[in-house]
Each structure stands twice: as structure tokens, then as C-alpha cells.
Amino acid sequence: MLYKYETHAHTSQTSKCSRITGSELARFYKSLGYSGLFVTDHFFNGNTTVPRELDWEERVRLFELGYLDAKAEGDRIGLDVFFGWEYSWGGNDFLIYGLGVDWLLANPDQLSLRPREYMQKVRADGGLVIHAHPFREAGYIESIKLIPRDVDGVEVINSSRPESENSPAFWYAKNYNLLRSAGSDNHIGKRELLAGVYLPEKIATSQDFVKLLKDGRAEIFCDRYDPDGKRL
Ligand SMILES: [Zn+2]
Ligand SMILES: [Zn+2]
């Protein structure tokens with residue numbers, strides 16, 4: 001038996017660019033037979049709804065609202081919901097897993113670290129860093145940045161990005177011997193393509209995901225759906 005997980009999704013409570021609430025995301029993935037969902041909203045250096053002027057704790061409390069909404073609904077309907085976040089560096093994005101809100105609260109100075117120092121601290125504290133869509137190109141992205149010594153893995157399939165950006169991500173992971181993950185970067189719910197990971201056991205915490213990924217026991221997938229939402 002394999003268990004299906006979304007690793008990359010955004011709630012409208014916390015990510016400015018998302019059009020789906022946490023509870024709607026939970027219901028959507030439950031309806032497709034998933035076991036769980038990681039909510040990875042844009043952090044304070046990304047496209048967040050959280051005002052900058054508040055103090056650190058208030059900002060973290062607002063940041064977790066989308067996750068908490070997904071989690072409450074997940075608990076009700078039987079979908080496991082986990083916390084993560086997406087850290088931005090000049091248009092380059094890094095998914096953080098394995099650390100919780102307690103870590104955010106305990107490190108109010110974290111955004112004064114240089115980005116690579118940030119990754120090093122996250123990893124030293126037990127978190128996992130996955131470079132999301134590393135070859136994404138867009139007008140606002142100054143340059144493609146690869147920091148292979150400071151990440152654990154690469155999102156080799158981001159189903160919201162074209163094949164031309166995903167295939168070099170496979171090369172990147174292989175060439176530098178990095179872990180491979182996949183996710184949908186879901187901001188809307190129903191999509192033609194959904195990517196994620198199959199895990200061989202049901203996980204209880206985001207640390208369990210980190211361990212299975214590091215042990216090479218996560219299997220990436222990308223599914224195609226018809227316009228009625230039926231898996232092809
Ligand atoms: Zn977004
Ligand atoms: Zn994202």
C-alpha cells in the first residue's frame with residue numbers, strides 16, 4: 001500500500017496569490033484519495049498576506065492561519081495536514097519541511113541571516129530544504145540560483161511549471177546527488193496536472209516525511225486529470 005501526499009500548496013489566508021482556503025484544499029485532496037497535504041505558504045520574504053509592521057509573534061500567528069484552517073478540516077474529514085513554508089530569495093524559492101511554528105517563534109531574527117546561512121541553520125536544526133522549481137524563469141526573477149551545497153533536495157517535478165523547466169531540475173538533482181521531490185504548487189484546487197509523493201507508510205509528523213525522503217523511500221508522481229476532475 002502506498003500513501004499519497006501533496007508536498008506544495010498555498011492557502012488564500014496566508015499567500016496573497018492563492019485563491020483557495022486551507023479547508024477547501026483539505027477537502028479537495030481528500031476527494032482525490034490523498035492521505036495528506038503539506039501547506040507551504042509563502043514566507044515573510046515572499047507573497048504573503050501578513051503585514052510587515054507587526055511584531056514577530058503576531059506575524060507568525062497570522063502566518064499559520066491557512067495551515068490551521070486546513071488542519072482543522074483535515075482532522076474532521078480524515079486527511080493529515082502538515083506545516084511547512086516557502087522561503088524566497090530574489091524570486092528563487094525554497095521549501096522547508098520538518099520544522100514547526102515553534103521553530104519560527106523561537107527564531108525571531110531568522111530573516112537577518114543571509115539566505116545560505118538561513119538554509120544552514122534550518123538544516124542544522126533538523127529541517128529539510130528543497131529547492132522549488134529551480135529553473136523557473138519569469139520577468140521578476142533576476143537570475144537562476146543554484147546552491148547545491150546548501151539544500152537537501154530539488155523539486156524535480158513542479159506540475160505548475162513546464163517540462164522545459166522541470167527536466168533541467170532532474171539533471172540538477174542527479175548531477176549533485178540531491179534528493180528528489182515533486183509537488184503541485186497548488187494555488188487554486190482543481191488542475192490538469194498534480195504532482196506529489198507516494199510514501200510506503202502513513203506519516204504522523206513532517207519529520208517522518210523528512211526521514212522517508214532521506215532514506216530514498218519516497219516515490220515521486222505526476223498525474224493528469226480530465227476537466228471533470230477524473231484521473232486519466
Ligand atoms: Zn504563490
Ligand atoms: Zn509555492
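**Exercise 1. In this predicted model, work out how helices H1 and H3 are oriented to each other.**

Solution. Start with the geometry: H1 (residues 22-31) and H3 (residues 65-77) pack at an angle of about 40°, and their axes lie 7 Å apart. Next, recall the cut-offs: angles under 35 degrees count as roughly parallel, and 65 to 115 as roughly perpendicular.

Now find the residues involved. On the H1 side, they are Gly22, Ser23, Leu25, Ala26, Arg27 and Lys30. Their partners in H3 are Gly66, Tyr67, Asp69, Ala70, Ala72, Glu73, Gly74 and Ile77. Sorted by class, this contact has 6 nonpolar, 4 polar and 4 charged residues.

**Exercise 2. Find which residues touch the most other members of the largest nonpolar core.**

Solution. The core holds 48 residues, and Leu37, Phe94 and Ile96 are the ones that touch the most other members. Then look at where the core comes from: strand E3 (residues 80-89) gives the largest share, 5 residues. Leaving aside residues up to four places away in sequence, Ile96 touches Gly84, Trp85, Tyr87, Val122, Gly127 and Val129.

**Exercise 3. Decide how exposed Tyr198 is, and find what it touches.**

Solution. First locate Tyr198: it sits in strand E8 (residues 193-199). Tyr198 has 16 C-beta neighbours inside 10 Å, so it counts as partly exposed. Lys4 is 194 residues away along the chain, yet the C-alpha atoms of Tyr198 and Lys4 are separated by 4.6 Å. Beyond four places in sequence, Tyr198 touches Leu2, Tyr3, Lys4, Glu219 and Phe221.

Terms used. Residues numbered from 1 in each chain as written. Chains lettered and ligands numbered in written order. Predicted model: local features only at pLDDT ≥ 70, side-chain atom pairs only at ≥ 80, totals over all residues. Axes fitted to C-alpha atoms, helices over the stretch in contact; angles between N-to-C directions. Helix = DSSP H or I, 4+ residues; strand = E, 2+ residues; numbered from the N terminus. Parallel < 35°, antiparallel > 145°, perpendicular 65-115°, else oblique. Contact = placed C-beta atoms within 7 Å. Nonpolar A, V, L, I, M, F, W, Y, C, P; charged D, E, K, R; others polar. Core = buried A, V, L, I, M, F, W, Y, C linked by C-beta atoms within 7 Å. Buried ≥ 20, exposed ≤ 12 C-beta atoms within 10 Å, placed from the backbone.
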